[in-house]
Amino acid sequence: MKNIHSIMSMIVLSSFLTITVTASSQNRADSIKTVQQPVRSAKGVPVGSLKLDCENKQLRVVYSDNICLQVRQLWSTESTGKVSAITTESPEKIRDLCLPFPGLSWLEQSNASQLLFESAWRHSGSQLDFSVRVSNQGKVAVTLCLEQNITGLPLQGMCFAPSLQSNYDLKQSGVAFAYRGAARMSKGFRGGQLSIPMVCFYDQTRDIGFTIAGHIEAPTPAFSCDTREDKAVVRRKILVGPGNSVTIRQFIIRHEGCWRPGLRWVRDAYPDYFMVPDATVEATHGCFVYSNTADEKLCDEFARFKVKNVEIHWTCPFFGKSVPEEDPWVKMIDDKWNTVKRTTDPAAPPEDAPYADIKRYVSRVMKPTGRCDDVRDFIRKLKARGMQTYMYFNPTESWEFFATQEFPDCIQRRPDGSPRMTWFDHVVMDCRPESRWGQYLCDEVQRMLELYPEADGIFMDQSASDPDDFRVYRITDAVSKIAARAGKTCYWNGPYMVDLLKNTVGLLGELGPLQGERIKWLTVGNKVCCGLGHTEAQYQRNLLNGLWPPAPSLTHARGFRVSDSSAYSKPIPEELERMHRNYMHLYEQFPGKTWFLGPNPLDVPDGVQGNIFESRNGEYLVPLIVPGYDIAKGVYARNVVVSVRVPDADRIRAAYIRSVNLPGGHYRVPFKCQGGQLQVTIPWLGSACLLGLTHEKPKGSKMPDAKGDIIQMQKKPLRVICTVISSEGVAPTGNTDSIENGLTTTAPLPPVPNRKAYLNGKQIGTLGSVNSWHWHPHVGVGIIQNIKVDITDILRRQNELVIEPDGSQDFFKMRNISMLVVFSDGRVFHSKSERNTYSSCPHAKAEGIIKSPVRIPIEFSELPEQE
């Protein structure tokens, strides 16, 4: 493991650090101390002075090139939503620090709040290391917020944040980000949720950058950052119990005018979170599927599509119960009941009947086809073909009708007392390890691993964000330790928070382009990650982001979700199978690769996007894509010039291309090296290729000439590749999910309403429902399955969403409606949230605007005008 203080490879020994400590005004003259220590500085820029102004409680850092940072520190308490400032006494016990690195420390007290703050700043090369130990000397717990106002950052340049959209032009707007909790957005601001507690401000023209990073620990306290005029405001929030102490730690790292060195610092400082051993790479790097139990032919198909990781799903009794109470059992009784509860059978129990009554009825109208031996046999078939097997497990949600009877005290509720809903008839649970539900979960996972001892581990799902009490982290940590003691590992749906990353060997971006653009920042090490989706645009995004594709077999997987039979092989569209094969020729270079995070390493032509990785054998891998362009269109451009800057450019001996337009080929391409920069000329480029730069002798043949017409390089209109319209809604009927995915029952079912949804006059799908009378987050268009209609040509800044009820008495209502779109170049746009409530017809539960059809305005304030 690399020492956290010595990982900046660009730092050279060059100067001395001068620490000047200035006391308060009455004794300043005789309290100035100067200590000189050798330090390292980035890019030969020597560090100047580090000074504490006690009167203004402000730290001043001056570099020898006259770049100056000033950090002002404020404290406040938070209680029932009210924030109160804390007044502290003047700093005292100011001390020079020498070992292991120079710096200074001081102490502040708040007598009124009975709090003690012990702060320290240390300096090592380009890195400033801040820590503060907060001690609560009172008798009640205190929620504290530390606010640091930092001036002197290059706030006229760019901001990078590991979030859904990564780079922001600070000349256009302010930004706000948060890791745990909500970002402090002001009007016109952009930003969102962070995957890693870090933000980078950089100016490429001045070649200067600063990264502010929170210390990653298990768990990591809340971190947020936003810009205000000439400063960045960083906030940390902690809970300190009576008689306890808590330490906050964070860093400011100076580097070149690029975001990559800041991200490299984080990855190299915390390898336990980002890296796995070579043996794990060999076992897990490849494609992903989820599946019900399957026959031999489908298992062979998985292997043919290079699947390495299989989530064994839909075999449990219901969400919240992983271990069946009998054998055989009715699989996924919860999702089946969500449909069957609307039966016209007079013998059926009410939808909110006791769990035992529901189970008794469902067992009568459906076959109990779940068998432990079938699951074990499926595990063996997969392992015999070299695949890892993970049993589905969800620690944060449960079937409502089970939880209401067995764990009513553990259901998370809204302020009005109603349950917090998720999926279909499912509720968010209090998953703290010390809760009844948390204890039950630990027992469930232990018994599940005993029931299926040949499985490689568990597939961890989650439906809840992790609040300030870290309950999701703590339960998943407890579950992961149970798995580890059994010699098992965990694969995740997500996660999207770095402190959860330590407990996984693999990751999944379930919603493809939407989640892939955020989860990619957690894959800068060598952990495997899959981004779901079967379009070429998704294969392109995965290639660019270093994610693996799913197997084409996944297109049929949901059809067996609630099926009585085992899954079996179905015909795969020839075009999809060919595309997968062509792209896999590129992906097969990925096992063990890591992101190359040197400064400004790549220049590509307009209309082309690129990234750069390092392979296990030292090669550089440069994926190149033309967003929105596909294989069938043939050649996009001739003589595509790509410039690459890597530290060992003069030792590169060969450049080669693997192209999706030339499946199976490995072709040499010309390059030259000048001034530490490689210039590679690719004879022609199709929709995607992988450029390799190697230290070995040239191999392969010359790249064949292009066939067909050549399209000269020009900017092509980008397409929308993912659209989701979400809302909170009450839609007591209309869920077709189980009906479309294998449900077999003798219970008579009524017709299901079909509510057509239109955007600007074009039908884009139907309103999704979850058959619930609760306000539910999964009522929308494209929530369960993304909208498949291309809306590029009709999307505007001002839009109208129209939803037609299925008849005059068809009731539903919606509120907090918003839309999200992802373009083929990875850009993500969120609409404003429409706060009004809309009801489809008069009804006892109707409220807000009651009108049919429902007409909802959707506004994108940042969407660029169509060209």
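## A buried cysteine and its neighbour

Let's start with Cys-529, which is buried at a relative accessible area of 1% (buried means under 20% relative accessible area, exposed over 50%, partly exposed in between, with a 1.4 Å probe and protein chains only). Its closest cysteine sulfur belongs to Cys-530 and lies 7.0 Å away, too far for a bond. Please keep in mind that this is a predicted model, where local features need pLDDT of at least 70, side-chain atom pairs count only at pLDDT 80 or more, and totals for chains, interfaces and linings use all residues. Residues are numbered from 1 along each chain as its sequence is written, and side-chain values use heavy atoms, with hydrogens and water left out.

Cys-145 is also buried, at 11% relative accessibility. For Cys-145 the closest cysteine sulfur is that of Cys-225, 13 Å off and too far for a bond. The structure as a whole holds zero disulfides, a disulfide being a pair of cysteine sulfur atoms within 2.5 Å.

## The nine-stranded sheet

An open sheet of nine strands runs in the order E7-E8-E9-E10-E20-E17-E16-E12-E13, with antiparallel pairing. Two strands pair if DSSP finds at least two bridges between them; strands (E, at least two residues) and helices (H or I, at least four) are DSSP runs, numbered from the N terminus. At the edges stand E7 (92–97) and E13 (167–169), each with a single partner strand, so one side of each has no neighbour in the sheet. From one strand to the next, the twist averages 15 degrees.

Within this sheet, E9 (residues 115–124) and E10 (residues 127–136) run antiparallel and are joined by ten bridges. Leu-115 stands opposite Asn-136 in E10. Helix H1 (residues 260–269) packs on the sheet and touches E10, E12 (158–160), E16 (198–203), E17 (208–214) and E20 (245–255), where contact means heavy atoms within 4.5 Å. The direction of H1 makes about 140 degrees with that of E20; axes are lines fitted to C-alpha atoms, for helices over the stretch in contact, and angles run from 0 to 180 degrees between N-to-C directions.

## A four-stranded sheet

Another open sheet, of four strands, has the order E32-E36-E40-E39 and antiparallel pairing. Its edge strands, E32 (602–603) and E39 (671–674), each pair on one side only. Two bridges join E32 to the antiparallel E36 (residues 637–645), and Leu-602 stands opposite Val-644 in E36.

## An enclosed helix

Helix H13 (residues 536–545) is largely enclosed by the rest of the structure, because ten of its ten residues are buried. Among them are Glu-536, Arg-541 and Leu-544. Just after H13, Gly-546 takes a positive phi of about 80 degrees.

## Aromatic rings and charges

A search of the whole structure finds 44 aromatic pairs. Rings of Phe, Tyr and Trp (its six-membered ring) pair if their centres lie within 6.5 Å; planes under 30 degrees apart count as stacked, over 60 as edge-to-face and the rest as tilted. Phe-459 and Tyr-491 are stacked, at 6.1 Å centre to centre and 15 degrees between the planes. This pair links distant parts of the chain, 32 residues apart, with Phe-459 in E27 and Tyr-491 in E28. Both Phe-459 and Tyr-491 are buried. Tyr-629 and Tyr-636 form an edge-to-face pair, because their centres are 5.2 Å apart and their planes at 65 degrees.

Ring pairs also build a cluster including Trp-521, Tyr-539 and Trp-548. Elsewhere, the charged end of Arg-254 sits over the ring of Tyr-63, 4.7 Å from its centre; the criterion is NZ of Lys or CZ of Arg within 6 Å of the ring centre and within 35 degrees of the ring normal. Arg-304 lies over the face of Phe-305, at 4.6 Å from the ring centre.
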